[in-house]
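Subject: Structure for your review

Dear colleague,

Please find below the structure that I am handing over, followed by an account of what was found in it.

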Amino acid sequence: MEVGKRIREERERLGISQENLAREVFVSRQTVSNWETGKTYPDVQSLLLLSNLFDVSVDSLVRGDVEAMEKQMENYELERYKIKASMTVALGLIAVGAVMLALLRMRGETLTSPFGIVALFLLLAGVATSFIAERIEKRYDIETMQEVQAFLEGKEPDEIERERRMPKALRIAIQMVAGAAAAVVFMMVVYLIIAVVMHH
């Protein structure tokens, strides 16, 4: 993305450090570093503050990125269902593992029992799957890019803020409920299989 290069050039033109720039636009130094290295993309509010500080237009800051943003969003659409499915599976595995550990405790069994080993495996698999899904999602800062595009098309920043999708915490909560529902069914199946195996 070109915006990171432009931010660095403008910052160096003014002769200020990443830390000073961060203070001016109310973000952390790491955030400025992430912008400059292309790890993340500044949101609309940050772009407005940067354009004022650098005395350039927002258009000139992001001009080279419009095509790249469109490509990034296309790539995200291909990965989106994979990410959502992975997160749902991850949360389901964690929920099942947690329920199984609770049942293990109620039955007075140890973690080294077959039931305990399966529970731990499910928990670890869920954590690993969620970590992988989160890494994939971090490659795409899709909401920010959509907001920047909306701004370039003439929407006002406060209008974009109002239209912002549900907060990430709420999305995660919904995914957890869906994952937990799937987990209950899955847990019953696993429990039955283990009960049959242990009694033979």
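Phe-26 is exposed, because its relative accessible area is 69% (exposed means over 50%, buried under 20% and partly exposed in between, with a 1.4 Å probe and protein chains only). Phe-26 lies in the loop between helix H2 (18-24) and H3; helices here are DSSP runs of H or I with at least four residues, numbered from the N terminus. Its phi is positive, near 65 degrees, although Phe-26 is not a glycine.

This is a predicted model, in which local features need pLDDT of at least 70 and side-chain atom pairs count only at pLDDT 80 or more, while totals for chains, interfaces and linings use all residues. Residues are numbered from 1 along each chain as its sequence is written, and side-chain values use heavy atoms, leaving out hydrogens and water.

Asp-55 is another non-glycine residue with a positive phi, in this case near 60 degrees. Asp-55 sits in the loop between H4 and H5 and counts as exposed because its relative accessibility is 69%.

Thr-40, in the loop between helix H3 (29-36) and helix H4 (44-54), is partly exposed, given its relative accessible area of 30%. Arg-63 belongs to the loop between helix H5 (58-62) and H6, and its relative accessibility of 57% makes it exposed. From C-alpha to C-alpha, Arg-63 and Val-3 are 8.1 Å apart, and in sequence they are 60 residues apart.

Helix H6 (residues 66-107) contains 42 residues and spans 59 Å from its first C-alpha to its last, close to the 62 Å expected at 1.5 Å a residue; the expected span is 1.5 Å times one less than the number of residues. H6 has a kink of about 45 degrees centred on Glu-79, the bend being the angle between axes fitted to the seven residues ending at a residue and the seven starting there. Gly-108 follows H6 and has a positive phi, near 75 degrees.

Finally, Val-189, Ile-193 and Val-197 form a nonpolar surface patch of about 270 Å². Patch members have over 30% relative accessible area and no salt bridge, and nonpolar side chains (Val, Leu, Ile, Met, Phe, Trp, Tyr) are joined within 5 Å, like charges within 9 Å. Val-197 is part of helix H10 (residues 168-198) and is exposed because its relative accessibility is 57%.

Yours sincerely

Key
Areas by Shrake-Rupley, 256 points an atom, 1.4 Å probe, with all protein chains shown as cover. Salt bridge = Lys/Arg side-chain N within 4 Å of Asp/Glu carboxyl O. Helix = DSSP H or I, 4+ residues; strand = E, 2+ residues; numbered from the N terminus.
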